[in-house]
Structures are given as structure tokens and as C-alpha cells.
Amino acid sequence: MNSILLLNGPNLNRLGKREPGIYGSETLENVEAKLQNILKAYNVNIDSFQSNHEGELIDKIHQADDNYMGIIFNPGAYTHTSIALRDAISSIDVPVVEVHISNVHARESFRHHSLLAAVCEGQIVGLGTKGYELAAEYFASKIQER
Ligand code: CA2
């Protein structure tokens, strides 16, 4: 069975609990359930992992190699700081779609640059938690093209 990994970085466990004006009111559990629902129609399994620790995210990316057809990754603030996560993504063959809930380009300038985007297959920014769903549909559409 095809599988996708939903990977979320620091503070995204707070989704739906604080700052709804920026990040909306959906919790991470809601997002996972929605993705599961979308992907079951394509017979695709989804695993989910969130961590506030850079090294744990790196380990998960390494373990994903050969085990997933794609990774939907919101790296949180590590997007703007982590060469180590960029190197981890570069070290695997699994395509990664970078997702940001908020429109980072309309926020502080330190959020405008992603160190990871260049090694990801693509990036979805500013469409709320819908961005995760669009990334799931993108990977599902790739199965249909096979
Ligand atoms: O827009 C995004 O998805 C971000 O990746 C979210 C990160 C931020 O550092 C990036 O620049 C853009 C922050 C995640 C914090 O998540 C929270 C969720 C609810 C309440 C508080 C924080």
C-alpha cells in the first residue's frame, strides 16, 4: 500500500489552541483526520509525526527513505534556520512538499526565506490548513498518473 508521511515541526502541536487569526481553528488531529479521509479514496495510508526537536525530525526524514511515496512537511520556524533539515531532505529520494499555513511572505522578513524550499519538490504557502489537503491531493494524483 502507498503511504504518505505528514511531518510537522515545532509548535504545530499548538494548532487550533492559540493564534486562530494566523493559523486557523483546526487542530493537528483534525488535519490528520481530513488527510486520512482524502487519501483512503486512493488507497493511500498516512502516518503523522510532530516534534519540537530538530534531531527527531531529521531521524524521521532518514527513516522515511524507501518507506513513503511522499512527505508533507511543515517545518515550522526551522524552515528559516535549519541547514541540517535541508541536508536531511537532500539525503533521501522521497519527494517533499513544504507546507506553510500562514502567508509567510506577508509576515516578518525573517519568515520570507526558506532554507528548505530549494530541495523540496514544491511549496504551498498561505492557504491555511487547506494547504495540507492540497499536498495530499498532489501525491494522490501522482499515483493515478502511474
Ligand atoms: O505558517 C506556517 O505554517 C509556519 O510554518 C508556522 C511556524 C512559523 O514559524 C513559520 O514561519 C510559518 C510557527 C508554528 C507555530 O504554530 C502555532 C500554532 C498555533 C498557535 C501557536 C503557534
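Counted up, that is 5 helices and 5 strands. The radius of gyration is 14 Å, close to the 15 Å that the globule rule gives for 146 residues, so the protein is as compact as a globular protein of that length. Do keep in mind as you look around that this is a predicted model.

Let's take in the overall dimensions next. Along the principal axes, the C-alpha atoms fill a box of roughly 40 × 30 × 25 Å. Of the 146 residues, 45% are buried. The accessible surface comes to about 7,300 Å², and carbon and sulfur atoms hold 46% of that surface. The contacts also tell you how the chain comes back to itself: among those with a separation of 6 or more, 78% join residues 24 or more positions apart.

Now zoom in on a pair of helices. Two packed helices are described by the angle between their axes and the distance between the axes. Helix 3 covers residues 54-64 and helix 4 covers residues 83-90; their packing angle is about 5°, and their axes lie 9 Å apart. Because angles under 35 degrees count as roughly parallel, helix 3 is roughly parallel to helix 4.

Which residues in the two helices meet? From helix 3 come Glu54, Leu57, Ile58, Ile61 and His62, while helix 4 brings Ala84, Leu85, Ala88 and Ile89. Sorted by class, this contact has 7 nonpolar residues, with 1 polar and 1 charged residue besides.

Technical notes
Residues numbered from 1 in each chain as written. Predicted model: local features only at pLDDT ≥ 70, side-chain atom pairs only at ≥ 80, totals over all residues. Heavy atoms only, no water. Axes fitted to C-alpha atoms, helices over the stretch in contact; angles between N-to-C directions. Helix = DSSP H or I, 4+ residues; strand = E, 2+ residues; numbered from the N terminus. Parallel < 35°, antiparallel > 145°, perpendicular 65-115°, else oblique. Contact = heavy atoms within 4.5 Å. Nonpolar A, V, L, I, M, F, W, Y, C, P; charged D, E, K, R; others polar. Rg over C-alpha atoms; globule rule 2.2 N^0.38 Å. Buried < 20%, exposed > 50% of the residue type's maximum accessible area, 1.4 Å probe, protein only. Areas by Shrake-Rupley, 256 points an atom, 1.4 Å probe, with all protein chains shown as cover.
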